[in-house]
Structure formats: C-alpha cells, structure tokens
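Dear colleague,

I am passing the structure below on to you, and I would be glad if you could look it over alongside the notes that come after it.

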Amino acid sequence: MDPSLDMWDFSSLISLWINRFYIYLGFAFGFSLWICFQIVIRKQNKNSQEKTVPKASRDLMTNGYISLQKKEVFVSGVKIFYGSQTGTAKGFATVLAEAVSSLGLPVALINLKEYDPDDHLVEEVTSKNVSAFLVATYTDGRPTESAEWFCRWLEEAANDFRFGKTYLKGVRYAVFGLGNSAYVSHFNKVGKDVDKWLWMLGAHRVMSRGEGDCNVVKSKHGSIEADFTAWKARFISRLQALCKGERKPCGGNCKKGKCESNQHGSEAMEPGSHAQEEFHQRDAEEEPFGSTSEEESGTEDHQSLKSVIDVEDLGKIMDRMKKEKREKERQEGETSLIRSTVKNEASERRAMITPALREALTKQGYQLIGSHSGVKLCRWTKSMLRGRGGCYKHTFYGIESHRCMETTPSLACANKCVFCWRHHTNPVGTEWRWKMDQPEMILKEAIENHQNVMKQFRGVPGVREERFEEGMTVKHCALSLVGEPIMYPEINRFLKLLHERKISSFLVTNAQFPAEISGLLGLSWWRTG
C-alpha cells in the first residue's frame with residue numbers, strides 16, 4: 001500500500017474536522033430551504049382547496065385538516081317480543097318487523113317462550129334498542145302459554161325490593177295488547193300488567209299503550225287488525241322521531257302538564273300537533289295507574305275559601321256544616337264502640353297475618369302458611385336450576401341451592417330497622433302474642449307450597465332437567481326468609497321435624513333472644529347464622 005495515500009486520507013480527515021463548522025452550516029441551510037419549500041407548497045394547496053370547497057365545508061377546516069363530526073346513533077335497532085296463543089300476535093309482530101325494516105333499522109323477532117329475561121332483559125338498558133311487546137290476554141285474564149313465564153318473572157321482579165325502581169332504567173319500550181272487550185273484567189289485562197311492571201322497574205315508555213279489541217262492535221277502529229294498524233302507524237312515526245334524536249320538551253318530572261318550560265310556548269301549541277301528543281304522553285307516563293282527584297279537589301276548596309259568599313247562601317252553608325258535625329259525631333261514636341269491643345277481646349289471640357299484610361306479601365311472591373308462616377323461592381335456587389352458582393351456604397357448607405327451601409315460621413320481626421332492605425310491612429314485636437300454628441302443619445304446607453312453585457319452572461328456558469328433578473326433593477331448609485324465626489315458640493319441634501325428614505337446617509337470628517338460643521345449644525344439630 002502506498003504511504004502517500006494514507007497521508008492523504010489522514011490530511012483530508014484533518015481538513016474536514018477543521019472545517020466542520022462550514023459543513024454543519026451548509027446542511028442547516030439546505031434543510032431550511034427544504035422546509036420553506038414545503039410551506040410554500042402547502043399554502044398553494046390550501047388556496048386551491050378554498051377555491052373549490054364550498055363555504056359550509058370551509059367552516060369545518062382547521063389547521064389544514066377537516067374535523068369530521070361523529071354522527072350519534074339514537075336507535076340502534078328494534079326488538080319485537082310477542083306472546084301468542086292462536087298466532088294473531090305473531091302475525092302482527094311479523095307485519096311490524098317489515099314496517100321497521102323499511103326504515104333501515106335492524107329488527108329482531110323474539111318469541112317470549114324462548115326468551116330468558118333473567119339473562120337478557122337487563123342488556124337492553126345500554127343497547128339503545130327500542131322494545132315492542134305484543135301480548136295477548138288468554139282465558140280468565142291470564143297470559144298465553146308462551147308468555148306465562150315472562151309475565152311471572154316480570155311481576156316478581158317489579159314487586160321484589162331487591163331489584164329496585166331503576167333496574168330497567170334506560171330500556172325504551174312500547175306495548176300493544178290483544179284482547180276482547182266482551183270480557184270486561186280482564187280486557188287486555190296482560191298488556192296493562194306488562195306495561196305497568198316495566199314502568200315500575202324504571203323502563204321508559206316511548207308511547208302510550210295500544211289496545212286491540214276482537215269485539216268488532218266496541219273496537220275503536222272496527223276490528224283488531226285496524227286497531228293494530230293505527231297503533232303501528234303511531235309507533236313508526238314515534239320511531240322516526242327517536243331516530244332523529246327528538247326528546248321530550250322537558251325532563252318529564254312535571255305532574256299533569258304543569259311544566260314551567262311549557263308555559264310560554266303553550267299558546268302556540270296547536271291541537272293534534274306532535275308536541276301536544278308528547279305533552280299528553282308525559283302526563284300519562286307520570287301517572288300510569290290513574291290519577292286521584294286530590295289536586296283538583298284541593299284547588300276547588302282553595303277557590304271556595306277565597307271566593308265571596310253571598311248572604312243568601314249562608315243558610316245552605318250552615319246546613320252543610322251541621323250535617324258534617326252530625327256525621328263526625330256518629331263516626332266518633334262508632335269508633336268508641338269498636339275500641340271497647342277490641343278491649344273486651346284483647347284477651348283473645350289474633351292472627352299475625354292481617355288481610356292487608358296477606359295482600360302485600362302475596363303480591364311480593366310469598367306463599368303464606370297458616371296465620372304466621374311463609375315460604376318463597378330464593379333467587380339462588382333459580383340460579384342453580386340453570387346450572388349457575390349458588391349462595392354462600394353452597395360456598396361454605398356445600399349446600400346445593402336448587403334443593404334448598406327458604407321459609408320462616410314467624411313473619412314477625414323484633415325490630416323495624418330503618419336500613420332494612422325488606423318490605424317493612426311485617427308486624428313487629430319482642431315477644432310472641434299471636435295465634436300459634438302447629439309445626440307439623442307448617443312443615444307440611446311449606447314443602448307443598450315450595451314444590452308447587454318449583455313446578456312452574458318445568459320447561460322454562462335455561463332450566464336444566466336434572467337440576468329440576470333434584471330440586472323437587474327438599475334437602476335443606478333455610479330459616480332466613482323474613483322476620484325472626486326463633487321467636488316461634490315451637491321452633492325446637494319444628495327443627496326436629498326437619499331433621500327427622502333428613503332435611504338440614506340453617507337458622508338466622510340477630511341474637512336478641514339469648515334464652516331461646518340457649519335452648520338450641522343443648523341440641524347437636526343446631527346452626528345459627
């Protein structure tokens with residue numbers, strides 16, 4: 001290798017190092033020119049776009065790019081639920097599905113017989129769907145066989161304090177009922193009940209309930225088909241409004257249309273207009289079960305007090321006041337007579353379950369036994385029938401929830417706690433002061449009632465056949481339904497009867513009765529929780 005070449009390479013490197021500042025400057029100058037060139041090109045492109053893009057589009061342009069507004073979806077689809085016996089409701093559901101499809105919305109037809117509300121109904125809270133329920137009323141005001149389980153579940157949920165009034169908040173629904181006005185006592189009863197129960201669970205009614213009448217004489221439109229056609233037209237119109245994002249004029253918290261936000265615009269509201277239809281719809285939604293006349297009567301009384309009384313009317317007013325005074329004295333006399341009768345009969349024991357309490361507990365799904373006991377199906381029993389998990393007794397003690405009977409020999413409670421999550425309608429007492437039923441009768445009817453309720457789950461969607469068969473034989477009894485079971489004077493005999501039948505027991509107490517608890521401590525089979 002030539003040594004001169006090595007010297008040249010070394011000298012060139014030295015020269016580059018000495019003049020490195022000029023090299024850096026050259027690179028910086030070239031990079032600056034390239035940036036300026038890019039800025040000029042972008043500016044020219046922007047000017048050319050402004051000449052071709054309309055003004056409405058130019059308003060959206062920001063820093064050289066267009067900010068696209070995201071289109072909000074107000075209705076993602078429609079689900080049509082039907083419960084049919086003869087096929088009429090199913091046919092109407094098909095017709096409604098075709099009408100909804102013409103709007104370009106996804107639609108699903110669902111037979112209530114194949115629908116499990118435990119799993120899927122709560123999903124509608126966040127789905128942005130609109131649900132339409134087409135339900136027929138069958139014999140004696142009962143739902144059809146296909147809708148029987150759904151209606152039973154919905155009724156229990158609406159009257160169960162554990163679900164609450166906001167369980168279905170966010171669900172939007174409409175109901176069309178099919179019935180026959182010839183049966184006046186239960187005309188469209190199922191449609192009315194479904195509408196009421198959904199509302200009680202917090203669902204939002206998008207339009208008033210429709211009622212189809214098979215009785216052509218009394219049908220509003222001449223036939224049940226015409227009734228459905230009229231309701232369908234209103235439903236499609238309302239659906240189109242919802243798709244556009246139209247909302248109520250106010251928050252819907254006003255009663256009887258006395259909304260401050262509508263006072264100024266009420267004069268401009270024409271009869272039959274869409275706004276007036278929504279206005280009346282809100283009134284109906286606030287008071288779905290019919291309103292009382294207290295507000296109107298209060299107004300009339302207020303006006304009568306402030307109005308000027310004519311001298312000629314004084315005689316009528318005095319007569320009315322005397323009549324009211326005599327009526328009050330008569331009522332007071334009857335009340336004192338009743339009090340004296342009750343005092344004389346105070347020595348006799350009375351039944352714990354009063355007619356009002358019986359009505360309240362029956363409505364909540366309790367099967368009442370005798371004068372102070374009850375049984376009810378636990379939600380964990382329903383869960384395990386479907387092959388899901390059980391309650392804590394299954395986790396800690398291996399007790400199978402689908403074979404467990406939840407009951408109580410005493411519906412009375414020792415306290416009335418303000419934080420209690422139960423219904424607060426049961427009697428309260430710190431000692432037994434009611435009639436007493438025998439434990440043999442209570443246990444016999446408790447098992448019978450439990451089995452009768454279990455039979456209703458045969459064929460219900462999701463229920464496993466083997467779990468159902470096992471659940472018909474009670475293997476465990478949870479004395480934790482409601483009240484204080486240890487207050488029952490014959491609690492020891494009741495527990496012995498359970499264990500003689502090879503039924504284990506789990507007794508829940510708040511330990512306010514130490515003497516009764518000590519009576520259990522001498523037994524080898526007791527357990528308290």
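Predicted model: local features only at pLDDT ≥ 70, side-chain atom pairs only at ≥ 80, totals over all residues.

Residues are numbered from 1 along each chain as its sequence is written, and side-chain values use heavy atoms, with hydrogens and water left out.

Six of the seven residues of strand 3 are buried, so the strand is largely enclosed by the rest of the structure; buried means under 20% relative accessible area, exposed over 50%, and partly exposed in between, with a 1.4 Å probe and protein chains only. Strand 3 pairs in the parallel sense with strand 5 over seven bridges, where pairing requires that DSSP finds at least two bridges between the strands. Five bridges join strand 3 to strand 4, and these two also run parallel, with Val-107 in strand 4 as the bridge partner of Val-78. From strand 3 the chain crosses through helix 4 to strand 4 in a right-handed β-α-β crossover, meaning that, with the strands pointing away from the viewer, the path from the first strand over the helix to the second runs clockwise.

The buried residues of helix 4 are Ala-89, Phe-92, Ala-93, Leu-96, Ala-97, Ala-99 and Val-100. Seen down the helix axis, they fall within an arc of 160°, so they line one face of helix 4; the arc is that of the directions from the axis to the C-beta atoms.

As for charged side chains, a search of the whole structure finds 16 salt bridges, each defined as a side-chain nitrogen of Lys or Arg within 4 Å of a carboxyl oxygen of Asp or Glu. One of them joins Lys-189 and Asp-193 (2.9 Å, N to O), which are four residues apart in helix 7 and therefore separated by about one helical turn. Lys-189 is partly exposed at 37% relative accessibility, whereas Asp-193 is buried at 13%. Asp-195, Arg-205, Arg-209 and Glu-211 are linked in a network of salt bridges, within which the closest N and O atoms of Glu-211 and Arg-209 are 3.2 Å apart.

With best wishes
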